[in-house]
Amino acid sequence: MGPFYFPFDNLLCMLLGISFTVWITLLLVFIIVPAIFGVSFGIRRLYMKTLLKIFEVSARPRISSVFINKWCLSLALGIIAKEPTSLVEEMTEIRRSGSNRDLDEFEMSDIFYFCRRGLESIVDDEVTKRFSAEELESWNLLTRSNYNFQHISTRLTVLWGLGVFIRYGFLLPLRVTLAFTGVSCLVVLTTLVGYLPSGRVKNFLSETAHLMCYRICVRALTAIITYHHSENKPKNGGICVANHTSPIDVIILASDGCYAMVGQTHGGLMGFIQRAMVRACPHIWFERSEVKDRHLVAKRLSDHVQDKSKLPILIFPEGTCINNTSVMMFKKGSFEIGCTVYPVAIKYDPRFGEAFWNSSKYGMVNYLLRMMSSWAIVCSVWYLPPMSREEGEDAVQFANRVKAAIARQGGLVDMLWDGGLKRGKVKDTFKEEQQKLYSKILVGTQEDRSRS
């Protein structure tokens with residue numbers, strides 16, 4: 001029986017060899033080589049427009065439950081919808097029906113104000129919902145965004161099934177191959193560049209190697225990025241600060257310019273990549289014990305920006321990923337150094353894929369799998385004019401001014417809350433602020449009356 005199987009085995013090996021050769025050739029010709037030179041054939045833009053038309057077709061069928069859910073949501077929002085008012089105005093409104101309308105002493109009715117505010121926070125917590133994926137208005141044929149929508153009609157079921165086959169049967173293997181290629185090239189090239197003596201040649205080759213590899217990684221996500229106001233791109237001797245939605249924010253920005261990264265040292269594969277990168281470029285990696293030393297961190301950042309030959313530092317002052325709808329409190333550390341700050345606003349289009357990383361729910365591997373099995377990553381990047389600390393302005397005020405500019409440009413909600421609430425509880429100081437405000441109102445009205 002051997003002679004009957006040998007020809008078949010040879011034919012199978014030959015077909016596999018031809019398929020592999022064709023696969024690698026297509027990757028090199030249409031993706032890797034154009035990515036290295038920063039050239040685009042417009043295929044991704046055409047792919048995005050095609051997806052939009054398909055989404056429009058899938059959004060036409062409507063069912064009563066969709067309208068009911070939206071109607072119920074509008075009612076729920078209407079319950080707590082109100083004009084912004086101060087604590088004094090709220091208290092005065094509550095006391096109008098009582099015997100004492102003055103705010104000179106404690107009244108039992110005052111409790112209702114705090115109870116209502118507490119219930120409003122439970123029903124519509126403006127902070128907690130920033131740590132979950134934003135809701136889409138229409139279905140994008142991904143079951144992770146809206147469940148059971150593929151059963152609305154036969155046409156949607158067919159489209160959804162075809163999408164699953166394309167995403168997992170073609171796009172996912174292609175993206176994994178590109179990601180492996182990009183990361184491997186980054187490690188090899190930065191290691192080789194690291195052996196060169198310091199100077200202009202090494203800096204040029206390092207920047208070229210980083211740009212090439214990050215552009216390949218961008219192709220691995222089918223990322224379609226639109227950069228605005230490139231004349232404001234960060235320059236050496238400054239700090240680039242941006243809102244933070246995903247770990248791929250680094251790739252999105254680094255594919256258009258080189259930066260010195262700041263982060264904690266890791267072990268395993270990530271640590272191996274970090275050690276290779278730092279040989280070619282002066283990235284700033286901290287040991288776990290050094291991260292909490294604010295003075296040490298500030299000194300190393302300050303020493304870096306004072307050297308105009310070094311790349312601008314890339315920092316995400318929020319300290320955690322927010323769900324692409326808002327910008328939360330910026331840590332003041334990077335604004336105390338006294339150098340020029342280059343704000344950058346990043347806004348993702350959630351219709352093609354959810355870029356937000358909910359680190360408390362998904363691990364890195366699971367998150368990357370979800371990213372690479374999405375349709376695409378579409379985002380816009382705005383380079384804002386450089387900003388400096390004004391006279392009489394402290395670090396917190398400067399950070400808030402930069403944050404407001406980023407939120408305004410990216411169409412994001414500017415929030416004062418700390419992103420650390422993603423994993424921790426509200427600090428007691430926030431509770432005490434409300435208590436102090438209420439006590440000041442009572443004491444203040446008594447003092448005003450005694451003066452009059």
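The accessible surface of this protein comes to about 25,800 Å², and 63% of that belongs to carbon and sulfur atoms (Shrake-Rupley areas with a 1.4 Å probe, where for residues only the protein chains shown count as cover). Keep in mind that this is a predicted model, where local features need pLDDT of at least 70, side-chain atom pairs count only at pLDDT 80 or more, and totals for chains, interfaces and linings use all residues. Residues are numbered from 1 along each chain as its sequence is written, and side-chain values use heavy atoms, with hydrogens and water left out.

**Overall build**

- The protein has 13 helices and nine strands, taken as DSSP runs numbered from the N terminus (helices are H or I with at least four residues, strands are E with at least two).
- Of the 452 residues, 41% are buried (under 20% relative accessible area; exposed is over 50% and partly exposed is in between, with a 1.4 Å probe and protein chains only).
- Take the contacts (heavy atoms within 4.5 Å) with a separation of 6 or more: 76% of them come from residues 24 or more positions apart.

- Leu11, Met14, Leu15, Ile18 and Val22 make a nonpolar surface patch of about 440 Å².
- Patches are built from residues with over 30% relative accessible area and no salt bridge, joining like charges within 9 Å and nonpolar side chains (Val, Leu, Ile, Met, Phe, Trp, Tyr) within 5 Å.
- Ile18, one of the patch residues, sits in helix α1 (residues 2-36) and is partly exposed at 45% relative accessibility.

**Aromatic pairs**

- Searching the whole structure turns up six aromatic pairs (Phe, Tyr and Trp rings, using the six-membered ring of Trp, with centres within 6.5 Å; planes under 30 degrees apart are stacked, over 60 edge-to-face, the rest tilted).
- One of them is Phe55 with Trp375, an edge-to-face pair at 6.5 Å centre to centre with 65° between the planes.
- Phe55 belongs to helix α2 (residues 43-59) and Trp375 to the loop between α11 (364-372) and β8 (377-383), so this pair ties together parts that are 320 residues apart in sequence.
- Both partners count as buried: Phe55 has a relative accessible area of 7%, and Trp375 is at 5% relative accessibility.
- Phe335 and Phe398 also pair edge-to-face, with 5.5 Å centre to centre and 85° between the planes.
- Phe335 is buried at 1% relative accessible area, and Phe398 is buried at 1% relative accessibility.
- Phe55 and Trp375 turn up again with Phe352, as the three form one aromatic cluster.

**Charges over rings**

- Trp375 has Arg167 over its face, at 5.5 Å from the ring centre (the cut-offs are NZ of Lys or CZ of Arg within 6 Å of the ring centre and within 35 degrees of the ring normal).
- Arg370 lies over the face of Tyr362, here at 4.4 Å from the ring centre.

**Salt bridges**

- Side chains of opposite charge can pair when their charged atoms come close.
- The structure holds seven salt bridges (a side-chain nitrogen of Lys or Arg within 4 Å of a carboxyl oxygen of Asp or Glu).
- Asp256 bridges to Lys233, with 3.7 Å between the closest N and O atoms.
- Asp256 is in the loop between α8 (249-254) and β3 (260-264) and Lys233 in the loop between β1 (223-228) and β2 (238-242), so they tie together parts that are 23 residues apart in sequence.
- Lys233 is partly exposed, at 25% relative accessible area.
- Glu390 and Arg401 meet in a salt bridge at 3.7 Å, N to O.
- Glu390 comes from the loop between β8 and α12 and Arg401 from helix α12, so the bridge ties together parts that are eleven residues apart in sequence.
- Both are partly exposed, Glu390 at 47% relative accessibility and Arg401 with a relative accessible area of 26%.
- Lys403 and Asp414 form a salt bridge with the closest N and O atoms 2.3 Å apart.
- This pair links distant parts of the chain, Lys403 in helix α12 and Asp414 in strand β9 (residues 413-414), eleven residues apart.
- Lys403 is buried at 1% relative accessibility, whereas Asp414 is partly exposed at 37% relative accessible area.
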